[in-house]
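User: I would like to learn how to read the features of a structure like this one. Please take me through them step by step.

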Amino acid sequence: LFACSPQGTDEVSGGASETVDEKVVWGHCSVNCEGRCALRLHVTNDEVAWVESDNTGDDVYGDHQIRACLRGRSIRRWINHPDRLSYPMKRVGKRGEGKFEQISWDEAYDLIADNYQRILDEYGPEAIWNHYASGVNASNIGSFLSRFINMNGGCLGRYGSYSSAQISAALPYLYGKRAANSNSDIVNAKLVVMFGENSVETKAGGAGPTYHLEQALEQGGAKVIVIDPRYSDTVATRADQWIPIRPGTDAALVDAVAHTLIEEDLVDHDFLATYCIGYDEDTMPESAQGQNKSYKAYIMGQGVDGVEKTPAWAEGITGIPADTIVELAREIGTAKPCAIYQGKGPQRQSNGEQTARAICMLPVLTGNVGINGGNTGSDLDGFYFSSFSVPSDKNPVQTSIATFTWTDAIDHGTEMTKLAHGVRGKDKLDVPIKMIFNYAGNTITNQHSDINRTHEILQDESKCEFIVVWETFMTDSAKYADVLLPDLMPVEQPNFVSNDYAGNMGFIIMGEPVTSPKFERRTLYADLREIAKRMGKEEAFTEGRDEEAWLQFCYEEARKEDADLPTYDEMKEMGVYRRKDPDGHQVALKDFRDDPVANPLKTPSGKIEIYSEQLAEIAETWELAEGDIIDPLPVYAPGVEGWDDPLRETYPLQMPGYHYKARAHSSYGCIDVLKQANPQELWMNPLDASERSIKDGDKVQVFNDRG
Ligand SMILES: Nc1nc2c(c(=O)[nH]1)N[C@H]1C(S)=C(S)[C@@H](COP(=O)(O)OP(=O)(O)OC[C@H]3O[C@@H](n4cnc5c(=O)[nH]c(N)nc54)[C@H](O)[C@@H]3O)O[C@H]1N2
Ligand SMILES: Nc1nc2c(c(=O)[nH]1)N[C@H]1C(S)=C(S)[C@@H](COP(=O)(O)OP(=O)(O)OC[C@H]3O[C@@H](n4cnc5c(=O)[nH]c(N)nc54)[C@H](O)[C@@H]3O)O[C@H]1N2
Ligand SMILES: [Mo]
């Protein structure tokens, strides 16, 4: 791919044209790959001619260039793609059918304002839903929608995410919060063990975790073991050892590693006694004493289930030979320090909360928490600037639901309760979701699950009455819009982004609109201002500012808290600003490790709760669906439709997913050169394939009852 354009740039073919007006504009790629990279867009006659990335500074590690991957470098093809949406439209066919008619902007704004006001009057703000959407991560842009909605009474809240709901739900019970070391700190580790962590493909930007991992390994020399069902690029390029595992069985592997650690006395007794409760009978909370409910009892076979979690037991579940498990345990038990991380693949499954907590048990048992070169077992963390988002009132609605359960809230919202469905802030929902605002998201169908069911729910217009979508392409989710608005991309408006996961080097990228708006595309802000005007709230919404003025306002507010930031004008001139983490590397729970009395955790006991009384109570009081498990200990729980489900008789193959290199979810999904470089393919174990006479490159059909 690089060979076809000079210096890894992406250039318009067709040779030189008469140059009238030429400029170079800073911009960024802010799709949700957990990267965020700098772009320098070369613009000729108000069209992007070619694109390069950050070329500033000496590019020394620690002060390195924020170079974009091949997706960001192909942004010209995305901006100018013939399929891009260009006009406001309203739906004319059935929802999801994809039939639209072009309308005027005035008609679009009237339709939205009228329906929004009607639904607010009839059902109240709890019936409004601001859909999970991660297509735009430019700091100043998406937050305009929250500002607008909160100004109008707010909306039903949501907690958790599609990314890491299980990690973020589970870890506070163990550690009082979700926290991890910067992966740049791997430079201090002797051994790195990664469960389904694939930053080589999923955090590929030049200032992101994959570059930190490479540099940390080069400088620190740690050995790397990756546990993943798939031979990922992280396995291929960073691992010394690959341990393939049956999907959904990581907790069983952990249990057996713990068994060896205990049996061979490789656990850190001081750490467990000082910092943790629930490892053995000595530190059990009063409510659970004398009942063989400790972690050690669970592992060694004296627990409630009476099963000893030996490596041979785990071999049958995980598919990993018992010898390999024993070796893994010995390596983890003797390498000091050892950095254990998880990606988000292992937890993004049923009972993923158990898996997320179980993986954390390995650093807990070996005392690798709160130190350089160690980790909590959680996914990555890093150095961040404070928020640059547009100010908004707090959401006045206190009620929230889990992000993933929004289709239930449309279909049978008033049946959703605190104890059976995780409603927060109220015992039950009073109204179903009646209206959706969806800005830059494709999780209505494409990125959600069980699309056939969602389709049915949304087709019934008496349930969800109105859906507004802002998009750049006719995605599958966009087909469910009642009004569909063509958005300008962040690089086409005043824009600004700070780093996401970026090890110990934070950064800010400030850009300006690369070209004038094309066709009838407008900014989200311009649209919301017009809708606010129709609802009599324009002045309150804008406070007299335009997009650029808000950008400057947000930046100046952040500068009040952080005087070392360059001035706004300097920042615009520089385009990129880098800052090294003043603490060296983020080390999660370091304060607690240094002084557990002065700096207790936010758990009820102030310690690491291997056994959680809170979870014991939840397990007793909540109404769980069949197959769902909540347990005071991080135990292995196979989950719904796991490897040993009886349904396997009918459906012999399991299909785990992973985040794909050629796209950030659906973003950049249509780019020809990216598809050529990395075609969308199904991977299958050659043994399974040969049993079915399937060869590499064959076209296959994959199906179940859901589609
Ligand atoms: N099966 C399966 N489903 C998954 C996952 C999985 O692993 N497997 N992963 C889940 C995870 S972790 C996540 S975070 C979600 C992500 O799901 P989404 O948030 O939907 O992810 P994206 O496709 O990155 O972005 C959504 C949309 O934003 C649009 N977009 C891009 N730029 C702009 C812009 O400037 N303006 C506007 N208005 N729109 C823009 C894109 O066209 C795209 O359709 O998916 C989840 N769903
Ligand atoms: N190119 C690209 N980059 C992205 C994204 C994208 O869509 N494309 N999405 C971004 C987003 S929003 C997110 S949340 C992150 C996610 O970042 P990651 O967590 O790194 O990626 P995932 O693909 O979710 O899962 C990581 C790995 O888990 C493996 N896995 C699946 N099931 C299991 C299991 O049961 N056990 C074990 N041990 N491994 C398992 C998968 O094979 C995969 O290699 O990626 C971000 N980066
Ligand atoms: Mo995600």
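## Reading the two ligand sites

Analyst: An oxygen atom of ligand 2 is 2.8 Å from a polar backbone atom of Gly248. This is a predicted model: local features need pLDDT of at least 70, side-chain atom pairs count only at pLDDT 80 or more, and totals for chains, interfaces and linings use all residues. Residues are numbered from 1 along each chain as its sequence is written, chains are lettered from A and ligands numbered from 1 in the order in which they are written, and side-chain values use heavy atoms, with hydrogens and water left out.

User: Which side chains make polar contacts with ligand 2?

Analyst: A polar contact is a pair of N or O atoms within 3.5 Å; within protein, one must be able to donate a hydrogen and the other to accept it, and residues adjacent in sequence count only if both atoms are side-chain atoms. Here, a polar side-chain atom of Asp250 lies 2.7 Å from a nitrogen atom of ligand 2. Arg230 places a side-chain N or O atom 3.2 Å from an oxygen atom of ligand 2. Taken alone, ligand 2 exposes 910 Å², and the protein buries 98% of that. Such areas come from the Shrake-Rupley method with a 1.4 Å probe; for residues, only the protein chains shown count as cover.

User: How many residues surround ligand 2, and how do they divide by type?

Analyst: A residue is near a molecule if one of its heavy atoms lies within 4 Å of it. For ligand 2 that gives 32 residues, and Asp250 and Arg663 are among the closest. For type, Ala, Val, Leu, Ile, Met, Phe, Trp, Tyr, Cys and Pro count as nonpolar, Asp, Glu, Lys and Arg as charged, and the others, Gly among them, as polar. The shell of ligand 2 has nine nonpolar, twelve polar and eleven charged residues.

User: Is helix H9 buried or exposed?

Analyst: Helices (H or I, at least four residues) and strands (E, at least two) are DSSP runs, numbered from the N terminus. Buried means under 20% relative accessible area, exposed over 50%, partly exposed in between (1.4 Å probe, protein chains only). In H9, 13 of the 14 residues are buried, so the helix is largely enclosed by the rest of the structure. H9 covers residues 250-263. Asp265 follows H9 and has a positive phi, near 50 degrees.

Technical notes:
The expected span of a helix is 1.5 Å times one less than its number of residues.
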